[in-house]
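Please look at the sequence and the 3D structure below before reading on. The notes after it are grouped by topic.

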Amino acid sequence: MKIQESAENYLETILILQKNKGVVRSIDIANELGYSKPSVSVAMKNLRENGYIEMSAEGFITLLPPGREIAEKMYERHTLLSDWLAALGVTPEVAVEDACRIEHVISAESFEAIKEHVRRRA
């Protein structure tokens with residue numbers, strides 16, 4: 001299932017925040033991404049309605065299996081691509097920015113080829 005780039009970014013951010021903080025609330029996402037609380041609330045409602053996340057009565061956000069799958073895919077792409085670009089000599093800041101854009105549009109076939117190439121070089 002194809003979802004919008006913004007939803008992929010939200011899911012990836014939730015995953016990263018969960019890894020770093022353990023628990024995630026909408027305000028954490030707003031602070032991390034620099035978005036307004038109302039914008040994040042709308043996005044969380046959409047993600048919840050589409051079965052990607054659940055929210056507890058206390059406002060804690062948890063990734064459901066479909067959301068976790070997308071988040072982990074985006075996170076793997078982001079980290080591999082940004083590390084690979086940096087290894088090619090791209091400045092770390094540009095590597096992270098470019099990886100963020102590439103991770104959403106690269107095909108599974110091309111990503112797997114890059115991943116295999118990186119593994120062979122390691």
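This is a predicted model: local features need pLDDT of at least 70, side-chain atom pairs count only at pLDDT 80 or more; totals for chains, interfaces and linings use all residues.

Residues are numbered from 1 along each chain as its sequence is written, and side-chain values use heavy atoms, with hydrogens and water left out.

- The word "buried" stands for under 20% relative accessible area, "exposed" for over 50%, and "partly exposed" for what lies in between, using a 1.4 Å probe and protein chains only.
- Met44 is in contact with Tyr10, Ile14, Ser26, Ile29, Ile53, Met55 and Ile61, leaving aside its neighbours within four places in sequence, where contact means heavy atoms within 4.5 Å.

**Helix α4**

- Helix α4 has 23 residues and reaches 33 Å from its first C-alpha to its last, close to the 33 Å expected at 1.5 Å a residue; the expected span is 1.5 Å times one less than the number of residues.
- The buried residues of α4 are Gly67, Ile70, Ala71, Met74, Arg77, His78, Leu80, Leu81, Ser82 and Leu85, and they pack against α1, β2, α5 and α6 (108–121).
- An α-helix has 3.6 residues a turn, so residues three or four places apart point the same way.
- After α4 comes Gly89, whose phi is positive, near 105°.
- His78 has its place in helix α4 and counts as buried because its relative accessible area is 14%.
- Not counting residues up to four places away in sequence, His78 touches Glu12, Val96, Ala99, Cys100 and Glu103.
- The C-alpha atoms of His78 and Pro65 are separated by 20 Å, and these residues are 13 apart along the chain.

**Where α1 and α5 cross**

- The axes of helix α1 (residues 5–21) and helix α5 (residues 92–105) come within 10 Å and cross at roughly 120°; axes are lines fitted to C-alpha atoms, for helices over the stretch in contact, and angles run from 0 to 180 degrees between N-to-C directions.
- On the α1 side the contact is made by Glu5, Glu8, Asn9 and Glu12, and on the α5 side by Cys100, Glu103 and His104.

- Val40 is found in helix α3 and is buried, with a relative accessible area of 0%; Val40 touches Tyr10, Ser26, Ile29, Ala30 and Tyr35, not counting residues up to four places away in sequence.
- Val40 and Glu8 are 32 residues apart in sequence and 13 Å apart in space, C-alpha to C-alpha.
- Gly59 lies in the loop between β1 (53–55) and β2, is buried with a relative accessible area of 18%, and is in contact with Val24, Arg25 and Ser26 when its neighbours within four places in sequence are left aside.
- Val96 has its place in helix α5 and counts as partly exposed, because its relative accessibility is 41%; Val96 touches His78 and Ser82, not counting residues up to four places away in sequence.

Technical notes:
Helices (H or I, at least four residues) and strands (E, at least two) are DSSP runs, numbered from the N terminus.
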